[in-house]
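Please load the model in your viewer and keep the selection panel at hand.

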Amino acid sequence: VIKQQKDLAQDRASDLADSIHRNLNYIHGIPELFSQGPRFIKIVLPFGVSTTPSALPQEVRAQRWSSDPELKDLNRFLARVQDTLHADLIYVVNAAGDCIAASNADTQWSPIGFNFAERIFFAMNRRGQNGMQYAVGKATNIAGLYFSSPIMVDGRFMGAVVAKVDVPSLSFLISKVNAFISDENGVIILAHDKTLEMSAFAGAPIFSMPEKQQHDRYRRNSFPPLSIEPWVDSRFPQLLRIQDSGMESPHVLAEESVAKYGLR
């Protein structure tokens with residue numbers, strides 16, 4: 001019985017990993033497509049190649065760029081394609097990491113005016129690479145997976161296009177499976193059992209990350225350790241207790257990585 005359950009769990013883990021890979025590949029294709037478009041190249045050119053963020057207050061930057069006619073036109077375009085392509089947010093940043101246009105520009109949750117230079121995906125873009133990371137939104141406070149592609153002009157980095165899928169939008173993947181998904185820092189970012197979310201594996205990289213980096217990425221500094229212990233009967237080493245599941249509720253655990261996106 002244990003072997004059957006272990007095999008079944010592994011099959012479900014593999015199917016889940018495949019579903020995640022296919023869904024995220026689709027979202028990742030959005031910034032790759034737009035970052036090469038003439039419209040996006042034209043919009044970042046006036047900002048130049050400077051990596052120094054605007055010195056204006058965030059509110060002033062947001063008001064100035066939101067009222068610019070060309071940027072407003074791009075905002076409307078992004079809003080249309082967001083609905084069509086089923087992303088939760090699409091935005092554009094200049095070479096300094098300042099967000100200058102977004103698909104939700106007319107809402108109070110718009111990222112326009114915020115700077116994203118410290119984000120891992122942006123650092124990758126500066127090196128001419130596609131970027132991806134999990135983070136909590138600066139304006140929305142909604143956790144999500146960010147995918148980005150650099151806008152390059154004659155070999156120079158001019159900015160990036162970013163697409164986000166909110167973690168709640170991925171809940172359908174585990175709605176019928178008792179599973180959880182962790183990021184590369186060992187933090188549970190999505191779980192069938194919601195009480196497990198934002199806990200972390202014992203010894204995970206998150207526990208050695210500086211507090212500022214923790215907060216920049218997760219908007220918090222508390223990550224309860226995820227308890228995974230042997231079940232009460234040592235004759236069955238494959239059976240586990242997960243987060244105080246009780247003596248009468250043993251679990252088997254199977255895992256599968258989605259290496260391309262740093263998830264498992």
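How do the residues of the lining of the largest cavity divide into nonpolar, polar and charged? They divide into eight nonpolar, two polar and two charged. In this classification Ala, Val, Leu, Ile, Met, Phe, Trp, Tyr, Cys and Pro count as nonpolar, Asp, Glu, Lys and Arg as charged, and the others, Gly among them, as polar.

Before selecting anything, note that this is a predicted model, in which local features need pLDDT of at least 70 and side-chain atom pairs count only at pLDDT 80 or more, while totals for chains, interfaces and linings use all residues. Residues are numbered from 1 along each chain as its sequence is written, and side-chain values use heavy atoms, with hydrogens and water left out.

**Whole protein**

Display the entire protein: six helices and 11 strands are present (DSSP runs numbered from the N terminus, H or I of at least four residues for helices, E of at least two for strands). Along the principal axes, the C-alpha atoms fill a box of roughly 70 × 35 × 35 Å. Of the 264 residues, 47% are buried (buried is under 20% relative accessible area, exposed over 50%, partly exposed in between, with a 1.4 Å probe and protein chains only).

**Cavities**

Now select Leu89, Tyr91, Trp109, Pro111, Phe114, Phe116, Gly137, Lys138, Ala139, Thr140, Tyr146 and Lys164, which line the largest cavity. Its volume is about 70 Å³. On a 1 Å grid over the protein atoms alone, a cavity is a set of points where a 1.4 Å probe fits but cannot get out, and lining residues have an atom within 4 Å of a point. Grid points are joined across faces, edges and corners, and a volume is the space filled by probe spheres set on the points.

The whole structure holds two cavities of 30 Å³ or more.

**Largest pocket**

Next, centre the view on Asn178, Ala179, Val252, Leu253 and Ala254, which lie nearest the centre of the largest pocket among its 34 lining residues. A pocket is an open set of grid points with protein on both sides within 12 Å along at least five of seven lines. The volume here is about 840 Å³. Colour α1 (2-34) and β6 (180-182), each of which supplies at least two lining residues; α1 gives the most, with nine. By class, the pocket lining has 23 nonpolar, six polar and five charged residues.

**Helix α6 and its end**

Select Gln214, Arg217 and Tyr218, the buried residues of α6. They cover an arc of only 80° around the axis, and therefore lie on the same side of α6 (the arc is that of the directions from the helix axis to the C-beta atoms). Their cover includes α5 (120-126) and β3 (131-136).

Step on to arginine 219, in the loop between α6 (211-218) and β9 (225-226). Its phi is positive, near 60°, and at 27% relative accessibility the residue is partly exposed.

Finally, select aspartate 154, in the loop between β4 (143-153) and β5 (156-166). Phi of aspartate 154 is near 55°, again a positive value in a residue other than glycine. Most residues other than glycine have a negative phi. Aspartate 154 is exposed, with a relative accessible area of 75%.

Technical notes: Contact means heavy atoms within 4.5 Å.
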